[in-house]
Amino acid sequence: MTFKEEILQGIPDVLPVKKPYPKQANRAPKRKDILSQEEKQLAIRNALRYFPEKWHGILAEEFAEELNAFGRIYMYRFKPNYDMYARSIADYPAKSIQAAAIMLMIQNNLDPDVAQHPEELITYGGNGSVFQNWAQYLLTMQYLATMTDEQTLHMYSGHPMGLFPSSRNAPRVVVTNGMMIPNYSQPDDWEKFNAMGVTQYGQMTAGSFMYIGPQGIVHGTTITIMNAFRKILSKDDTPSGKLFLTAGLGGMSGAQPKAGTIAGCITICAEVNPKAARKRYEQGWVDVLVESMDDLLARTRAAQSQDEALSIAYIGNVVEVWERFFEEGIFIHVGSDQTSLHIPWTGGYYPVGTTFEEANRLIREDPEDFKVKVQASLRRHAAAINKHAEKGTYFFDYGNAFLLEASRAGADVMAENNIDFKYPSYVQDILGPMCFDYGFGPFRWVCTSGKMVDLERTDEIALTVLQDLMKEAPEDIKQQMQDNITWIKNAKANNLVVGSQARILYADAEGRSKIAQAFNRAIKLGDIGPVVLGRDHHDVSGTDSPYRETSNIYDGSKFTADMAVHNVIGDSFRGATWVSIHNGGGVGWGEVINGGFGLLLDGTEAAEIRLKSMLFYDVNNGIARRSWARNKEALFAIKREMERRPDLKVTLPHIVDDALLENLF
């Protein structure tokens with residue numbers, strides 16, 4: 001069968017031959033064995049409903065084996081035979097170009113060069129899923145191939161519920177992931193219902209089809225690292241020869257070494273999974289790969305003596321690096337951590353003193369002992385960081401729930417008031433006040449032609465737009481504008497593309513809209529093919545996350561999720577091609593609500609109308625909320641927007657004198 005024929009058939013008519021598991025694949029860790037016998041039977045019953053009754057006898061036994069072996073039913077037999085990657089939009093069978101764009105994005109999320117555990121349909125973060133199983137993938141692609149521009153596909157945690165009549169102005173796809181009833185949103189609930197096949201963790205951009213590989217976070221990480229060094233260095237000093245120590249080389253965390261090199265420092269990134277470390281090295285995201293502590297010490301000292309901008313991947317546990325560097329008197333200027341601590345008990349964080357293989361065995365066979373070891377490791381981890389911090393290291397939490405889980409483990413990470421953490425979140429110190437409050441966030445685009453020349457042309461267009469905006473930019477945002485101009489100038493040279501021909505660029509509402517309009521004109525003229533716009537959910541208004549995206553909201557509302565919900569609803573009727581809302585993402589299921597969108601530009605007037613309406617709201621919804629929280633940078637930004645758009649009317653706060661409140665109670 002041809003690629004198009006395979007897509008159109010959906011669930012095949014003939015039972016496929018059972019496939020052996022690829023030997024070199026990076027397998028997802030086994031999930032917790034949490035289901036009762038009755039619940040396991042229900043999980044099998046749920047899985048079998050995708051298939052005709054004549055196959056049930058064979059598949060029931062096979063799915064039971066998967067459930068016992070992996071803790072999930074992935075349906076490996078039904079993985080398609082064609083290679084998984086983002087093709088040109090013209091290569092997809094589709095009645096709707098919008099649907100074809102979504103098919104392209106789904107395949108990009110599952111590309112082995114992009115996805116962390118592609119056999120298990122997991123894109124990043126250890127459990128950030130596009131689908132729960134391969135049957136859902138097959139059905140979804142078939143629906144997208146046959147739908148019209150007057151239908152909408154509704155997806156419940158990876159399951160394609162069906163095509164419903166709608167209108168041309170409606171989203172083509174509406175996605176939800178992990179949306180649990182609050183009283184059933186605890187760790188064991190998520191594990192149980194995911195294992196039963198009725199919900200999934202979509203992370204941020206995995207389950208919304210907008211992940212573009214580590215590049216998706218490189219820009220934000222670069223901005224974060226540059227500004228972290230700006231906080232501790234004098235104006236005439238540079239990060240050259242200075243150390244940034246962190247951990248994690250999986251999906252999102254894989255961006256750290258590349259970002260550190262762009263920022264100009266020496267980045268040391270520890271990773272316990274040799275396959276993950278070698279994958280990033282082979283992709284060119286890491287400059288040097290070392291496997292022994294002595295080699296790491298020698299290479300670090302050599303880089304410092306030469307004031308190099310260099311990234312080093314160390315295959316080992318980061319706790320040992322923190323401890324050994326302290327013993328050796330090596331000063332760490334900036335430190336963080338980006339292991340997947342949103343899933344600490346299922347392979348997101350590996351305890352020091354336990355081999356990678358032994359840890360994986362404990363996850364499967366003795367999860368309680370594994371939890372004890374993880375919490376002991378977190379206490380030891382925090383103690384080592386504290387020693388360096390006393391000597392002047394600037395440590396920040398990178399939004400991966402490190403401080404949250406360390407505090408739950410009894411580590412010494414709390415401030416004197418025993419409410420706040422002693423170290424800031426990177427959003428509190430850097431991205432919040434410097435970017436999000438001003439409306440700057442991770443704008444993304446994908447060239448659906450798959451041609452590098454199209455991506456290069458979009459880079460040129462974006463650069464021209466930013467340079468024009470810079471001429472009139474107020475002083476408050478000139479640094480942000482210049483950082484982004486520098487970024488886009490060097491994007492090609494930094495070799496950022498993995499998977500689709502995609503780009504990320506921090507921009508505010510004005511910048512996003514003008515760049516998008518310029519793209520749409522270029523498409524109309526035939527200079528480039530259609531372009532998909534999107535963003536990371538980790539943005540100005542896409543996410544309510546009290547320990548990350550909204551950690552610099554101080555009016556008490558950071559534990560509410562109105563902003564993210566309004567964002568998705570508002571985008572959906574202002575022109576988004578698809579929208580998504582997730583429970584969980586980045587810091588973990590139950591800790592955050594986040595939403596995103598995709599918008600196809602096809603050169604039409606209708607696309608221009610949609611982009612102007614949707615992009616403006618998508619950013620300013622968040623600025624309005626941040627300004628109501630009395631964030632002075634957001635107040636500046638929303639007042640500026642109201643001057644530019646007289647039809648925007650936002651409720652502004654009256655500022656209260658602190659002295660007035662001191663003796664009231």
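Two strands pair if DSSP finds at least two bridges between them. Helices (H or I, at least four residues) and strands (E, at least two) are themselves DSSP runs, numbered from the N terminus. Arg 444 has Ile 504 in S13 as its bridge partner. The model is predicted: local features need pLDDT of at least 70, side-chain atom pairs count only at pLDDT 80 or more, and totals for chains, interfaces and linings use all residues. Residues are numbered from 1 along each chain as its sequence is written, and side-chain values use heavy atoms, with hydrogens and water left out.

Stay with S12, residues 441-447. S12 and S13 (residues 502-507) are antiparallel and share 6 bridges. Strand S14 (residues 531-535) also runs antiparallel to S12, joined by 5 bridges. There, Phe 443 stands opposite Arg 535. Buried means under 20% relative accessible area, exposed over 50%, and partly exposed in between (1.4 Å probe, protein chains only). In S12, 7 of the 7 residues are buried, so the strand is largely enclosed by the rest of the structure.

Strand S16 (residues 578-583) is mostly covered too, with 6 of its 6 residues buried. In a regular strand the side chains alternate between the two faces of the sheet. Which residues of S16 lie on each side? Trp 578, Ser 580 and His 582 are on one, while Val 579, Ile 581 and Asn 583 are on the other. Both faces are covered. S16 pairs with strand S5 (residues 173-177) in the parallel sense, over 5 bridges. Val 173 stands opposite Trp 578. S16 also runs antiparallel to strand S17 (residues 593-601), with 6 bridges between them. Here His 582 faces Asn 594.

Now find the open sheet of 6 strands. Its order is S8-S9-S7-S6-S10-S11, and the pairing is parallel. S8 (288-290) and S11 (394-395) stand at the edges with a single partner strand each, so one side of each has no neighbour in the sheet. S8 pairs with S9 (residues 310-315) over 3 bridges. One of the positions to look for is Val 288, whose bridge partner in S9 is Ile 312. Helix H9 (residues 274-282) lies across S7 (266-271), S8 and S9, at about 160° to S8. Axes are lines fitted to C-alpha atoms, for helices over the stretch in contact, and angles run from 0 to 180 degrees between N-to-C directions. Contact means heavy atoms within 4.5 Å.

Next come helix pairs. H16 (residues 452-472) packs on H18 (residues 509-524) at about 135°, with axes 9 Å apart. H12 (residues 356-365) and H13 (residues 367-390) pack at about 130°, with axes 6 Å apart. H12 is therefore oblique to H13. Among the residues in this contact are Leu 362 and Arg 364 in H12, and Phe 370 and Lys 373 in H13.

End with a loop. Lys 558 lies between strand S15 (543-544) and helix H19 (562-572). Its C-alpha atom is 5.0 Å from that of Pro 546, 12 residues apart along the chain. Leaving aside neighbours within four places in sequence, Lys 558 is in contact with Pro 546, Thr 550, Ser 551, Ile 553 and Arg 625.

Terms used. Angles under 35 degrees count as roughly parallel, over 145 as roughly antiparallel, 65 to 115 as roughly perpendicular and the rest as oblique.
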